[in-house]
Amino acid sequence: MTRQIDRRRAVIEGGALSAATLCPPSRSLGANEWEGFDDLYVKPPWYPDGPRALEDAPSEISTGGRLRLGLFREPCRKVNLLEANLFKGGPRRWWGGPRLQEWVGFGFAHPRWYFGMIMMDLKAASVSSVYALDMDSGDNFSYDAVGNSSNSGVPETLWNGRTYSSQKNFHLEFIHDLDHGLHRINIEMPAGKNKPSLQMDLELKQDLKSFQPLVVSMPLYPRHYIYTHKTVMGIDGRVRVGGEEVEYSADERFAILDEFRAFWPIPRRWTWGTGEGKTLEGRSIAFNAVDYYARDQEYWNENCLWIDGKISFLDAVKWDHDPRSPDKPWTLRENSGRLEARFTPEGGKMVNLAPLPFKYYQKCGRLEGFAVDEDGRRREFENLYGPAENGRIG
């Protein structure tokens, strides 16, 4: 029986329909099932016998149309996804374009303020957002814009390039220069109804030698794919909120980077969170944890733990929260017991496009719990800070 195509989903997805909508997978992916997918992927040398290990990044992520899978020591210099066989022709094209989605986002805290920002390129349109939480008063405010390829974009690589959205009453720009270990954030937003003006002039320092980034190239399903680059870095500069000036010093404050590029299935669900701070004994700690609507999360995931900048990889994770009351505490547990945390939301934003099948909310807040490092030592924490989000499409 032919399944009806829901045009509303195609609009929400940036103009595309996934093959998974027509034939959704029903069981876990085993290593022997990779036979037949060699025209799409180059598997890492440690797969399928493991354990997962870091490798040098390839010069380009797609070579001869095949995507290189793995965990890399640094971001790829050429993230040429549109040259991959996965994005060419057939049901993976809709209205003339591949359904690749890309975004770059940052989040960073201050004793009084938390700021989150993202620029999402959905190919048919772009969505940009900046939000702020005043932790003293509990007030939230956000600046949002929908754009197109003429006034917004995400670069192919963060080694050099520009993420931007420049529209009426909305100016966001990230300058990326990883050859010099830098990102710059320039933001100009005028005051609006119930929200102050906002200006940012910040320099983020990404030291690839002292802090190992998370760089993952992986299948979400056999014909759906993710490339992501996440890290924690120092932040210098000033933010002006209305008449108040907020200063950042890289020796004291840190920012979280999320670079994400994906070919998604529909329907999809995800819950993601990250946090950074200090353990009770004063060690630097951070984590990234995501629960996808996906196959084989025990092996293919982007879950990791950083202790003093050194990365270790985690198993699948489970987030528990009440989607009807996302301001109530959330809980997180990694399957092997290496990470457990309680997330207490303090602010954030929600998007509900009913009757369209799209719901999303991101909260920022505090985390307490423990992590177990690679040597088996338990590292407890009480006051990490970061975002957690839940989204569903379809």
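Predicted model: local features only at pLDDT ≥ 70, side-chain atom pairs only at ≥ 80, totals over all residues.
I looked up the lining of the second largest pocket first: its residues split into 12 nonpolar, 9 polar and 8 charged. My classes: Ala, Val, Leu, Ile, Met, Phe, Trp, Tyr, Cys and Pro are nonpolar, Asp, Glu, Lys and Arg charged, and the others, Gly among them, polar.

Residues are numbered from 1 along each chain as its sequence is written, and side-chain values use heavy atoms, without hydrogens and water.

Back to that pocket (an open set of points on a 1 Å grid over the protein atoms alone, with protein on both sides within 12 Å along at least five of seven lines; lining residues have an atom within 4 Å of a point). I get a volume of about 620 Å³, taken as the space filled by probe spheres set on points joined across faces, edges and corners. Of its 29 lining residues, Glu252, Arg253, Phe254, Glu276 and Gly277 lie nearest the centre. Strand β18 gives the most, 4 residues; strands here are DSSP E runs of at least two residues, numbered from the N terminus.

Next, cavities (sets of grid points where a 1.4 Å probe fits but cannot get out).
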